[in-house]
Amino acid sequence: MPALRSSAVIARGARRRFSPIALVAQFITRMVATRRSRAALARLTDAQLKDIGITRREAWSETNRPFWELPERHRW
């Protein structure tokens, strides 16, 4: 009967290792998605912005950030 593998060994084997090319591709994908989200935010009306709880000025500030500055990297 084969020995059972411990959960630590299984977890270690389950870790994904990304190549540098895959990491760059993932970063570019996130930048494109962020750019699209910001473009959509810029097209919202004042009433729609009010519904989500932000002002036109806050929306403008977000839409004018550089494309490489991703939301999870913001320092509020």
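Ala-39 is partly exposed, at 33% relative accessibility; buried means under 20% relative accessible area, exposed over 50% and partly exposed in between, with a 1.4 Å probe and protein chains only. This is a predicted model, in which local features need pLDDT of at least 70 and side-chain atom pairs count only at pLDDT 80 or more, while totals for chains, interfaces and linings use all residues. Residues are numbered from 1 along each chain as its sequence is written, and side-chain values use heavy atoms, with hydrogens and water left out.

**Overall make-up**

- The protein has four helices and zero strands, where helices (H or I, at least four residues) and strands (E, at least two) are DSSP runs numbered from the N terminus.
- Along the sequence, the pattern is α-α-α-α.
- The protein has 76 residues, of which 12% count as buried.
- Of the contacts between residues at least 6 apart in sequence, 51% join residues at least 24 apart; contact means heavy atoms within 4.5 Å.

**Packing of α2 against α4**

- Helices α2 and α4 pack at an angle of about 150°, and their axes are 9 Å apart.
- For these values, axes are lines fitted to C-alpha atoms, for helices over the stretch in contact, and angles run from 0 to 180 degrees between N-to-C directions.
- The two helices, α2 and α4, are therefore roughly antiparallel to each other; angles under 35 degrees count as roughly parallel, over 145 as roughly antiparallel, 65 to 115 as roughly perpendicular and the rest as oblique.
- The crossing of α2 and α4 is left-handed, meaning that the near helix is turned anticlockwise from the far one by less than a right angle, whereas clockwise would be right-handed.
- On the α2 side the contact is made by Arg-38, Leu-41 and Ala-42, and on the α4 side by Arg-56, Ala-59, Glu-62 and Thr-63.
- The residues of this contact between α2 and α4 divide into three nonpolar, one polar and three charged.
- In that division, Ala, Val, Leu, Ile, Met, Phe, Trp, Tyr, Cys and Pro count as nonpolar, Asp, Glu, Lys and Arg as charged, and the others, Gly among them, as polar.

**Two alanines of α2**

- Ala-39 is placed in helix α2.
- Ala-39 and Asn-64 are 25 residues apart in sequence, and their C-alpha atoms are 9.6 Å apart in space.
- Ala-42 also lies in helix α2, and Ala-42 is partly exposed with a relative accessible area of 44%.
- Leaving aside residues up to four places away in sequence, Ala-42 touches Arg-56 and Thr-63.
- Between Ala-42 and Glu-62, 20 residues apart along the chain, the C-alpha separation is 8.8 Å.

**Salt bridges**

- A salt bridge is a side-chain nitrogen of Lys or Arg within 4 Å of a carboxyl oxygen of Asp or Glu, and by this rule there are four salt bridges.
- One of them pairs Arg-38 with Glu-62, with the closest N and O atoms 3.0 Å apart.
- Arg-38 lies in helix α2 (residues 20–42) and Glu-62 in helix α4 (residues 56–63), so this pair ties together parts that are 24 residues apart in sequence.
- Both Arg-38 and Glu-62 are buried.
- Another salt bridge joins Asp-46 and Arg-56, where the closest N and O atoms are 3.0 Å apart.
- Asp-46 belongs to helix α3 (residues 46–52) and Arg-56 to helix α4, so the pair ties together parts that are 10 residues apart in sequence.
- Asp-46 is exposed, with a relative accessible area of 52%, whereas Arg-56 is partly exposed, with 34%.
- Arg-65 forms a salt bridge with Glu-69, and their closest N and O atoms are 2.3 Å apart.
- Arg-65 is partly exposed, with a relative accessible area of 23%, and Glu-69 is partly exposed, with 25%.
- Through salt bridges that share partners, Arg-38, Glu-62, Arg-65 and Glu-69 are joined into one network.
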